[in-house]
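Here's a protein to look over together.

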Amino acid sequence: AEWVRRTRADTGWRDGVDVPLGESREAWRIELVPPVSTIGSWETTTVNLPITAPVLAALAPGHSLAIRQIGDFALSPPLLLPLP
């Protein structure tokens, strides 16, 4: 799974140049929805999460990934990505 990083310190994107994240570090927490006790959760400092074929095969249809930016003060609202 892969996503696009965005700032939570939105000053408007006027010139097409990346803006700083507005956090002291770049990190994300990823969890399965609905949760599976033997799989996940993960934390990463990159904008992708390699998921192996055996992990995908162990999931019933209808699962999603909830991706939240780890911020200085709180987690962001989740981005929900449905799994194939």
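**Reading the labels**

Q: What makes the contact between Glu 43 and Arg 29 a salt bridge?
A: Their side chains meet at 2.8 Å, N to O. The term asks for a side-chain nitrogen of Lys or Arg within 4 Å of a carboxyl oxygen of Asp or Glu, so the pair qualifies. A search of the whole structure finds one salt bridge. Glu 43 sits in strand β2 (residues 42-44) and Arg 29 in strand β1 (residues 28-33), so the bridge ties together parts that are 14 residues apart in sequence. In general, side chains of opposite charge can pair when their charged atoms come close.

A quick note on the ground rules: this is a predicted model, where local features need pLDDT of at least 70 and side-chain atom pairs count only at pLDDT 80 or more, while totals for chains, interfaces and linings use all residues. Residues are numbered from 1 along each chain as its sequence is written, and side-chain values use heavy atoms, with hydrogens and water left out.

Q: Why is Arg 29 called partly exposed?
A: Its relative accessibility is 26%.

Q: Thr 44 and Thr 45: which label, buried or exposed, goes with each?
A: Thr 44 comes out at 13% relative accessibility, so it counts as buried. Thr 45 has a relative accessible area of 56%, so it is exposed. Thr 44 belongs to strand β2, while Thr 45 is in the loop between β2 and α1 (53-57).

Q: How do you know that Thr 44 makes a polar contact with Thr 46?
A: The two side chains come to 3.1 Å. A polar contact is a pair of N or O atoms within 3.5 Å; within protein, one must be able to donate a hydrogen and the other to accept it, and residues adjacent in sequence count only if both atoms are side-chain atoms.

Q: Which residues is Thr 45 in contact with, leaving aside neighbours within four places in sequence?
A: They are Glu 26, Ala 27 and Trp 28, where contact means heavy atoms within 4.5 Å. The C-alpha atoms of Thr 45 and Trp 28 are separated by 6.3 Å, although the residues are 17 apart along the chain.

Q: How many helices and strands does the protein chain have?
A: There are one helix and four strands, and from the N terminus on they run β-β-α-β-β. Helices (H or I, at least four residues) and strands (E, at least two) are DSSP runs, numbered from the N terminus.

Q: What makes the four strands an open sheet, and in what order do they sit?
A: The order is β2-β1-β3-β4, with antiparallel pairing. At the edges stand β2 and β4 (79-82), each with a single partner strand, so one side of each is left without a neighbour in the sheet.

Q: How do you know that β1 and β3 pair?
A: Two strands pair if DSSP finds at least two bridges between them. Six bridges join β1 to β3, so the pair passes. Ile 30 has Ile 67 in β3 as its bridge partner. Likewise, β3 and β4 pair over four bridges in the antiparallel sense, and Leu 65 is partnered by Leu 81 in β4.

Q: Why is β3 called largely enclosed?
A: Five of its six residues are buried, so the rest of the structure largely encloses β3.

Q: What makes up the largest nonpolar core?
A: Nine residues do: Trp 28, Ile 30, Leu 32, Ile 39, Leu 49, Leu 59, Leu 65, Ile 67 and Leu 83. Such a core is a set of buried Ala, Val, Leu, Ile, Met, Phe, Trp, Tyr and Cys residues joined through side-chain atoms within 4.5 Å. β1 and β3 (64-69) each supply at least two residues of this core, and the largest share, three residues, comes from β1.

Key
Buried means under 20% relative accessible area, exposed over 50%, partly exposed in between (1.4 Å probe, protein chains only).
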